[in-house]
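Trainee: I'm new to this one. Can you walk me through it?

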Amino acid sequence: KLRNTFTIKDFNEYYSYLSKHSFFRVYTTNYDDLFEKITAKNAITYSPVTIDKNLSLYKNKSKLVIHLNGYIGNLNSGNIENYFKLTSASYLIDTITQSSWYDQLKADISIADVIIFLGFSLENDLDIKRVVFFDDKIKQKTIFIVWEEEKKLTIEKLSRYGKVFPIGIRQFCKTMNLIPAIKKKEVSLDVLQCFSPIKFQD
């Protein structure tokens with residue numbers, strides 16, 4: 001029943017405009033495979049990853065969709081209780097900060113030029129709220145896209161953490177289609193990334 005509910009069978013054409021751009025990293029709190037289906041339709045392959053998988057297994061992280069709350073494609077009896085955030089009890093289990101993806105998420109947030117949230121309400125996912133919203137510099141580069149009829153109270157809450165645009169996903173996608181394609185800088189595999197491991201402190 002869960003697979004039938006959260007597996008995407010079709011989607012509106014305007015979503016395809018997102019695949020025009022090369023995003024530095026894609027994180028989602030959704031279980032569904034919408035982003036993977038969008039990009040696959042446009043001959044671009046993004047691989048779904050869940051945070052119970054070790055970060056070190058993925059040397060090339062440029063084409064990943066990291067599902068923070070679980071992914072419908074690999075749902076099974078072993079991960080439904082902890083890594084598939086479906087019930088109130090499962091949200092109480094701290095899986096994000098215990099994951100090897102935790103430092104990666106914090107690093108990506110720190111170095112990103114812009115952070116775009118699509119349809120994120122902040123009502124749940126306290127772990128994500130703590131990770132993302134800890135610095136005024138992050139607020140200055142954070143954008144929230146919410147639907148046109150979003151409540152004023154929700155917009156006010158989100159405004160504490162970034163700029164809010166109540167334009168809806170359809171208008172956002174159409175706007176993204178009007179601008180030149182965002183291309184991620186290609187980095188040579190021979191380039192030394194850092195001299196020592198980056199260690200974050202809360």
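Predicted model: local features only at pLDDT ≥ 70, side-chain atom pairs only at ≥ 80, totals over all residues.

Trainee: How many salt bridges does a search of the whole structure find?

Mentor: Three. A salt bridge here is a side-chain nitrogen of Lys or Arg within 4 Å of a carboxyl oxygen of Asp or Glu.

Trainee: Which residue does arginine 25 pair with?

Mentor: Aspartate 108, with the closest N and O atoms 2.7 Å apart. The pair links distant parts of the chain, 83 residues apart.

Trainee: Are arginine 25 and aspartate 108 buried or exposed?

Mentor: Both are buried. Buried means under 20% relative accessible area, exposed over 50%, partly exposed in between (1.4 Å probe, protein chains only).

Trainee: What about aspartate 33?

Mentor: Aspartate 33 forms a salt bridge with lysine 37, at 3.0 Å between the closest N and O atoms. Aspartate 33 is buried at 7%, and lysine 37 is partly exposed at 31%.

Trainee: And where does lysine 41 come in?

Mentor: Its side chain meets glutamate 13 in a salt bridge, 3.3 Å from N to O. Lysine 41 is exposed at 52%; glutamate 13 is partly exposed at 46%.

Trainee: New topic. What is the phi of alanine 43?

Mentor: Positive, about 60 degrees, although alanine 43 is not a glycine. Most residues other than glycine have a negative phi. Alanine 43 is exposed, at 74% relative accessibility.

Conventions. Residues numbered from 1 in each chain as written. Heavy atoms only, no water. Helix = DSSP H or I, 4+ residues; strand = E, 2+ residues; numbered from the N terminus.
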